[in-house]
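Visitor: I'm new to reading protein models. Could you walk me through this one?

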Amino acid sequence: MKVAEDQVVEDDSSFQDDEESFFQDIDLLQKHGINMADIKKLKSVGICTVKGIQMTTRKALCNIKGLSEAKVEKIKEAAGKMLNVGFQTAFEYSARRKQVFHVTTGSQEFELICLLPEFRTGKTQLSHTLCVTAQLPGEDGYSGGKVIFIDTENTFRPDRLRDIADRFNVDHDAVLDNVLYARAYTSEHQMELLDFVAAKFHEEGGVFKLLIIDSIMALFRVDFSGRGELAERQQKLAQMLSRLQKISEEYNVAVFITNQMTADPGAGMTFQADPKKPIGGHILAHASTTRISLRKGRGEMRIAKIFDSPDMPENEATFAISAGGVTDAKD
């Protein structure tokens, strides 16, 4: 591992290559058979990089005047060849995150709270903790295994896995190498990544034990807005959830998905203590085997409640979030 560390520090050319690949000008699509007239149409709506295409749905691209479905498919295919649209290990992603720069606020105290933010309800922290604990040997002969993490909100942080690995006394690099990571930019991209997931599970049968999606609904809320697109959104969501169920059963892999809560306008009429509901509707509720809600308690305390499970009664438990991930709450 020392050789790799020396390369990161000394090899300036690899850093420059990463910088160049990160901002690939859309004009480069000409090398893949896309004509300049279509490239200008993309630029006219603010899509100026190859990554910008990856971040735009086919539906949005088809709405650009002069771009047919066939042209959009060709553009998407060309962009896919130029970008890493699949997975990388958390170790590789950690190296790429070294390119992230920080701008000073002018106040050291201010920057300290930015470096040590308060944890919220804990869904993403639980996801990070599971990335490590899924690799540990457990009861009934469980030997541990690899994890796939699909990130829809740009909240995955490899450094958190290092902190959690310290708590369980396991090697940082081994933990990061056993987590495959992908950033999903659209609901379409999220669905496409599941094709890779299934192929990887087949290629390394029995090696992967957990698939995490944090969070399942974030991109659907962006890609489908308003009641006019609700039916289409729910249809696409149902297709994705059905795909997840089949992958889980076919390859005997656990699936952990997080979701967000939203205000429930009708809750005031029923005098509910917590007038919030999970987004996604009944389709998401019925597709989930066990559902757990998380909420903040006092101080660092968090409360987890099982409110839907075929084999467990409704119950609550308190826990805390520490540098080492999710842990038992201290009295």
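Visitor: Over which residues does pLDDT stay under 50, and how many contacts beyond four places in sequence does the model have for them?

Guide: Keep in mind that this is a predicted model. Where pLDDT is low, the predicted coordinates should not be read in detail. Here pLDDT stays under 50 over residues 1-20, and the model has 8 contacts beyond four places in sequence for that stretch.

Visitor: What does the chain average, and which elements have the lowest and highest mean pLDDT?

Guide: The chain's average pLDDT is 81, with 84% of the residues scoring at least 70. Among the elements, helix α1 (residues 2-10) has the lowest mean, 35, while strand β2 (residues 146-151) has the highest, 95.

Visitor: Let's look at a helix, then. Which residues of α14 are buried?

Guide: In α14 the buried ones are Arg 233, Gln 234, Leu 237, Met 240, Leu 241, Leu 244 and Ile 247. Looking down the axis of α14, you'd find its buried residues within an arc of 150 degrees, so they line one face of the helix. The face turned away from that buried side carries the exposed residues Ala 231, Lys 246, Glu 249 and Glu 250.

Visitor: What do the buried residues of α14 pack against?

Guide: They pack against α12, β4, α13, β5 and α15. You can check the helix's length too: at 1.5 Å a residue, the 22 residues of α14 should span 32 Å, and the end C-alpha atoms are 32 Å apart, which agrees.

Visitor: How many salt bridges does the structure hold?

Guide: There are 19. Take Glu 153 and Lys 123, whose closest N and O atoms are 3.1 Å apart. Glu 153 lies in the loop between β2 and α10, and Lys 123 in helix α9, so the pair ties together parts that are 30 residues apart in sequence. Lys 123 also meets Asp 214 in a salt bridge, at 3.2 Å from N to O. That pair links distant parts of the chain, with Asp 214 in strand β4 and Lys 123 in helix α9, 91 residues apart.

Visitor: Are Asp 214 and Glu 153 buried or partly exposed?

Guide: Asp 214 is buried, with a relative accessible area of 0%, whereas Glu 153 counts as partly exposed at 27%.

Terms used
Residues are numbered from 1 along each chain as its sequence is written. This is a predicted model: local features need pLDDT of at least 70, side-chain atom pairs count only at pLDDT 80 or more; totals for chains, interfaces and linings use all residues. Side-chain values use heavy atoms; hydrogens and water are left out. pLDDT is the predictor's confidence in each residue, from 0 to 100. Helices (H or I, at least four residues) and strands (E, at least two) are DSSP runs, numbered from the N terminus. Contact means heavy atoms within 4.5 Å. The expected span of a helix is 1.5 Å times one less than its number of residues. Buried means under 20% relative accessible area, exposed over 50%, partly exposed in between (1.4 Å probe, protein chains only). The arc is that of the directions from the helix axis to the C-beta atoms. A salt bridge is a side-chain nitrogen of Lys or Arg within 4 Å of a carboxyl oxygen of Asp or Glu.
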